[in-house]
Amino acid sequence: MLQEFDMTDLGRMRYFLGIEVLQQTDGIFLGQKKFAQEILDRFGMAGCNSVRNPIVPGSNLVKDTHGIPVDSTNYKQIVGNLMYLTNTRPDIMFVVSLLSRFMARPTELHSQAAKRVLRYVKGTLDFGVFYREGGDYELVAYTDSDYAGDLEDRKSTSSYLFLSSYGAVSWSSRKQPIITLSTTEAEFVAAASCVCEAVWLRRMLETLHHDQQDSTVMFCDNSSTIKLSKNPVMHGQSKHIDVHYHFLRDLTGDGVVEMIYCHTQEQLADIMTKPLRLANYEKLCALMGVCQEPRII
């Protein structure tokens with residue numbers, strides 16, 4: 001390209017669209033330290049006291065119709081900036097998704113929750129995702145749901161997390177579009193969204209000449225969901241998720257994905273469905289590859 005165009009070789013990529021890239025012999029680190037600091041400065045939280053988790057364990061936000069309203073524009077700006085920060089911070093994905101549900105009429109309750117996230121960002125400015133050299137390039141997925149977690153409409157929260165080279169490469173946390181009637185159905189809807197992402201990632205990697213040789217392993221902590229994806233006899237118990245059922249069952253049968261049971265304590269996607277205790281939260285962050293920026297070697 002240098003022979004055809006007037007170009008300057010700037011060396012290895014270091015900064016792109018607010019994302020900092022640190023390439024070392026032992027791996028690649030992606031973070032947004034500069035952008036995170038700009039968020040704190042923009043909303044007057046640069047001098048705040050930091051906290052160790054972005055949301056109080058066991059808490060749950062509601063619409064708070066009788067609460068004192070706050071400036072919705074300022075609230076939307078905070079949530080919008082935090083959404084972009086989730087590009088390299090899967091550890092705040094759940095709480096940011098939760099905050100985004102109340103942008104129509106935010107109150108002091110929601111504003112305080114948003115400020116707590118900023119306080120957490122203050123203490124984790126140099127956090128990001130680290131992809132270690134020599135890691136396994138095969139995709140591994142975790143899927144989970146929080147049954148009827150929304151106290152207003154009783155809808156569940158779906159989440160999935162994909163790992164490669166010991167780091168998170170794709171993650172999601174969002175409220176399900178339907179009301180499920182059991183934990184199994186909620187987990188099944190979450191698994192269906194996870195398998196859609198698995199198909200897309202496998203095709204993208206194939207385009208990049210990193211074909212996935214084996215089935216993509218999907219870990220789920222609900223054994224009934226795994227049986228439902230394999231056994232057509234159980235179809236009558238979940239008629240209203242017919243389309244999702246056949247899609248997931250066909251991909252399981254074709255060997256594109258393989259659903260495997262894992263214990264709840266080993267479920268990485270659990271961090272994106274509910275507030276967790278500090279010890280468990282920090283453990284899952286480390287397993288996702290979320291850590292401090294390594295020193296330059």
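This is a predicted model: local features need pLDDT of at least 70, side-chain atom pairs count only at pLDDT 80 or more; totals for chains, interfaces and linings use all residues.
## A helix pair

Two packed helices are described by the angle between their axes and the distance between the axes. Here the pair is helix H1, residues 33-42, and helix H2, residues 72-85. Their axes lie 10 Å apart. The angle is about 170 degrees. Angles over 145 degrees count as roughly antiparallel, so H1 is roughly antiparallel to H2.

Which residues make the contact? H1 brings Phe35, Ala36, Ile39 and Arg42. H2 brings Asn81, Tyr84 and Leu85. By class, the contact of H1 with H2 has 5 nonpolar residues, 1 polar and 1 charged.

## The largest pocket

Rolling a probe the size of a water molecule over the atoms shows where empty space is left. The largest pocket has a volume of about 760 Å³. It is lined by 24 residues. Closest to its centre are Tyr131, Ser164, Val169, Met204 and Leu205.

Several elements build this lining. Strand E3 (27-31), strand E4 (127-132), strand E7 (167-175) and helix H5 (183-207) each supply at least two residues. Which of the elements gives the most to the lining of the largest pocket? That is H5, with 5 residues. The lining of the largest pocket holds 12 nonpolar, 9 polar and 3 charged residues.

## The second largest pocket

Strand E4 supplies at least two residues here, as E4 does for the largest pocket. Strand E5 (140-146), strand E6 (157-164) and helix H8 (278-287) also supply at least two each. The lining of the second largest pocket splits into 8 nonpolar, 3 polar and 3 charged residues.

## The cavity

How many cavities of 30 Å³ or more does the structure hold? The count is 1. The largest cavity has a volume of about 80 Å³.

Its lining draws on several stretches of the chain. Asn53, Pro54 and Ile55 take part. So do Asp91, Phe94 and Val95. Ile271, Lys274, Pro275, Leu276 and Tyr281 complete the lining. By class, the lining of the largest cavity has 8 nonpolar residues, 1 polar and 2 charged.

Key. Residues are numbered from 1 along each chain as its sequence is written. Side-chain values use heavy atoms; hydrogens and water are left out. Axes are lines fitted to C-alpha atoms, for helices over the stretch in contact, and angles run from 0 to 180 degrees between N-to-C directions. Helices (H or I, at least four residues) and strands (E, at least two) are DSSP runs, numbered from the N terminus. Angles under 35 degrees count as roughly parallel, over 145 as roughly antiparallel, 65 to 115 as roughly perpendicular and the rest as oblique. Contact means heavy atoms within 4.5 Å. Ala, Val, Leu, Ile, Met, Phe, Trp, Tyr, Cys and Pro count as nonpolar, Asp, Glu, Lys and Arg as charged, and the others, Gly among them, as polar. On a 1 Å grid over the protein atoms alone, a cavity is a set of points where a 1.4 Å probe fits but cannot get out, and a pocket is an open set with protein on both sides within 12 Å along at least five of seven lines; lining residues have an atom within 4 Å of a point. Grid points are joined across faces, edges and corners, and a volume is the space filled by probe spheres set on the points.
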